[in-house]
Amino acid sequence: QEAHAAQMEQTFIAIKPDGVQRGLISEIVSRFERKGFKLVAIKVVVPSKEFAEKHYHDLKERPFFNGLCDFLSSGPVIAMVWEGEGVIKYGRKLIGATDPQKSEPGTIRGDLAVVVGRNIIHGSDGPETAKDEINLWFKPEDLVSYSSNAEKWIY
Ligand code: RTP
C-alpha cells in the first residue's frame, strides 16, 4: 500500500446544475465510488457568476463562455475531490466526451445527457488544472485524508 501512495492523485469533479436538478447526484457519485476511487471532499454550492468565470477562465474567448458561466452559476453545483491511481485521466473516461452526442454509451454523459450545453458534469483535464481547480473550489483543510478497508483489495 505504501508503494502506491506516491501514485495517488486527486481530481476536481463537479456535478453541474442540470445534473443536480435532474436528481443524478447519487448516480454520478456511485459510478466513481464503485470504480474504487475515494471521495475526499464534497460540498453543495451555488457559484457566483464571477466564480464561474474564474473556473472557466481558459474558455474566455469562446463564443459560449458567457452562457456557460450563466449556466454554472444558475443553481446548486456538487463540488468534489476524488482520489485514486490515475483518477484524473480515468475520471474523464468515466465522464465521456464533452458532447454527449459523441460520448460512448456506458459513460456518464453517454448514458445521461443529450446536448453539450447540458452535459451534467465537469472533470479536470490534467494534473495542472486539477491542482488549480481543487485550490479554487476548496481550502486545503476541506480535503480529508483517510484510509478505507477496501483499499487493500483495490490496490
Ligand atoms: P468540462 O471541462 O466541463 O469537463 O468539459 P470539457 O473539458 O470536456 O470541455 P471544454 O471544451 O473545456 O468545455 C467546457 C464546457 O463548456 C461547455 N461547452 N459548450 N456550446 C458549445 O459548443 C460548448 N462547448 C463546450 C460544455 O458544458 C463543456 O463541458
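Trainee: So where does the ligand sit?
Mentor: The ligand takes up the space of the largest pocket. A pocket here is an open set of points on a 1 Å grid over the protein atoms alone, with protein on both sides within 12 Å along at least five of seven lines, and a molecule sits in one if more than half of its atoms lie within 2 Å of its grid points. Keep in mind this is a predicted model, where local features need pLDDT of at least 70, side-chain atom pairs count only at pLDDT 80 or more, and totals for chains, interfaces and linings use all residues. Residues are numbered from 1 along each chain as its sequence is written, and side-chain values use heavy atoms, with hydrogens and water left out.

Trainee: How far is the Thr98 side chain from a ligand oxygen atom?
Mentor: An N or O atom of the Thr98 side chain is 2.3 Å from that oxygen. For Val116, a polar backbone atom lies 3.2 Å from a ligand oxygen.

Trainee: Switching topic: why is the Phe12 and Trp137 pair called stacked?
Mentor: Their ring centres are 5.0 Å apart and the planes are at 25°, so the pair is stacked. Rings pair if their centres lie within 6.5 Å, and planes under 30 degrees apart count as stacked.

How values were computed. A polar contact is a pair of N or O atoms within 3.5 Å; within protein, one must be able to donate a hydrogen and the other to accept it, and residues adjacent in sequence count only if both atoms are side-chain atoms. On a 1 Å grid over the protein atoms alone, a cavity is a set of points where a 1.4 Å probe fits but cannot get out, and a pocket is an open set with protein on both sides within 12 Å along at least five of seven lines; lining residues have an atom within 4 Å of a point. Rings of Phe, Tyr and Trp (its six-membered ring) pair if their centres lie within 6.5 Å; planes under 30 degrees apart count as stacked, over 60 as edge-to-face and the rest as tilted.
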